[in-house]
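Dear colleague,

I am handing over the structure below, followed by notes on what was found in it. Please read the notes with the coordinates open beside them.

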Amino acid sequence: MDRKKIVIIDDNKDYTFTMGVFLEKNGFEVHTANNGEKGMEMIEKEKPDLVLLDVMMETLFSGFEVGRKIRQHPEMKEIPIIGISGMHNEIKVKFEKETDEDYFQPDEFFEKPADKDAVLNKINQLIG
Amino acid sequence: MNQNFQVISSSPDQLYQMIIDLLPCYISIQNNDLEILYTNKSFLNDFGEATGRKCHDVLKCSAFMCGECPVKKSFEDNAIHFGEDSVLTREGAPIQLLVYAVPIPAGRDRSVIEFSIDISKIKNTQKELALLGRSVALISHGIKNLLEGLHGGEYVVDEGLREENWPLVEKGWKVVKNNIIDISMIAQNILYSSKKKALTIEKVKPGEMVKRVVSMLNEKALSMGVSLRAEVNPYLPEARLDQFTIKKMLINLISNALEACERDREKNNHFVVARALAYNELQYKFEVEDNGIGMDEDMRKKIFQEFFSTRGTSGTGLGLSVVETIVKEHQGKIEVESVPGQKSLFRIIFTY
């Protein structure tokens, strides 16, 4: 059986590497990118089953841009997105502002440091 | 009148005048046109002769009335009003005032007394507290990211050990080590920012210091895909430095340069060079140059501010402020050159 595909986008290379190892060990095919642009390219190329997305990379909301682009994409808008970030309060406000240009709603959100098993459970719920 | 007061003033009028002049606040009486009719001594001392001039002319050097004028409001409804405003002293120094306007009920020619208290110190403390709040948040986010890295690295090492997969152990261990370096840097910067310690000046070879720090950070640079190298003049005389703090300075500068490279997506090959070279006969220089993301003029002005960070959630905003303090403590000078999108160079000049 084909393994489910996950794209991890995070500007923290340690996170993409270690989370990548974790998800591979748990039976997923993992692709990683360390910025929004590369992440978007990877999503278009790999057509993943789920995206694990750091919503606040470098330029404050570049992860939000990726999320919004996925949600607006005719073929990819249904891909589940799990948002992650170290800045919980700021993100909460952002998720509530539907008027923002880069607003999008992830399927789930985890605050860093996120419990890997909790993330895995959620992934299994969404695409398992 | 009380006997004691009679000793220092001959009449009640003189006593009241003295009290008004001694009060640590500015008092003026103004008419409906905001023309100043009277000022106390504190007002005169700090804002100069104001009688006959408009309040906004004296306090703000402006021909126009202030937007929210408590005095004007008091004239309108005959009630007490207050507000805060920034004004300029006669020397041109900006101060923040808490202003109360109290109407004087006196027949047809009504007037309003304006009492103002200098609250600049309170305002500065408020700003510092707000900055402190933001800094705690910034530092917490930085530490959270590093903890995430440590946990992740630990997991990969465990997995590698379980499977006896030594390349995986090695990769995981690198993640752990890099995060340990970063955590120790943050902890040392916090400590350095929070308490001042006397320098321990010793004779040191500047080139040796650069080589030591470069070799310490080499592995981290490699894992970030950046080529880090030292360029030193081995014939530089020994300099009088505090080794501990200069090492911290170099670690901060090189770490920043590595980050600047990591954040640059335009170039394929990145380098950071740390140098210790002669500047002139009496001075030598440390330089850290990178071909990373660069800075614009606006950012260059802010980088030495405490708790200013360009690194989103990963910076604590302490690194370059610590560098500046260390350079000042050694009576040195910092020069910054940068071209956005191309390069940055930090030059620290010290006298032997």
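Among the contacts in chain A (heavy atoms within 4.5 Å) that link residues at least 6 apart in sequence, 69% join residues at least 24 apart. Of the 128 residues of this chain, 53% count as buried, where buried means under 20% relative accessible area, exposed over 50% and partly exposed in between, with a 1.4 Å probe and protein chains only. Chain A holds five helices and five strands, which follow one another from the N terminus as β-α-β-α-β-α-β-α-β-α; helices (H or I, at least four residues) and strands (E, at least two) are DSSP runs, numbered from the N terminus.

Please keep in mind that this is a predicted model, in which local features need pLDDT of at least 70 and side-chain atom pairs count only at pLDDT 80 or more, while totals for chains, interfaces and linings use all residues. Residues are numbered from 1 along each chain as its sequence is written, chains are lettered from A and ligands numbered from 1 in the order in which they are written, and side-chain values use heavy atoms, with hydrogens and water left out.

Between the chains, the axes of helix α1 (residues 13-25) of chain A and helix α7 (residues 166-194) of chain B come within 11 Å and cross at roughly 145°; axes are lines fitted to C-alpha atoms, for helices over the stretch in contact, and angles run from 0 to 180 degrees between N-to-C directions. On the α1(A) side the contact is made by A:D14, A:F17, A:T18, A:V21 and A:K25, and on the α7(B) side by B:L168, B:K171, B:G172, B:V175 and B:N179.

In the loop between β1 (5-9) and α1 of chain A sits A:N12, which counts as buried because its relative accessibility is 16%. The side chain of A:N12 reaches the backbone nitrogen of A:D14 at 3.0 Å, and, leaving aside residues up to four places away in sequence, A:N12 touches A:N34, A:K112 and B:N145.

Chain B is divided into domain 1 (3-118) and domain 2 (125-351), with bounds from an automatic or database domain assignment, and the C-alpha centres of these two domains lie 53 Å apart. B:I80, in the loop between α5 (70-77) and β3 (81-88) of chain B, is exposed, with a relative accessible area of 54%. Not counting residues up to four places away in sequence, B:I80 touches B:S74, B:Y100, B:A101, B:V102 and B:P103.

Note on methods:
A polar contact is a pair of N or O atoms within 3.5 Å; within protein, one must be able to donate a hydrogen and the other to accept it, and residues adjacent in sequence count only if both atoms are side-chain atoms.
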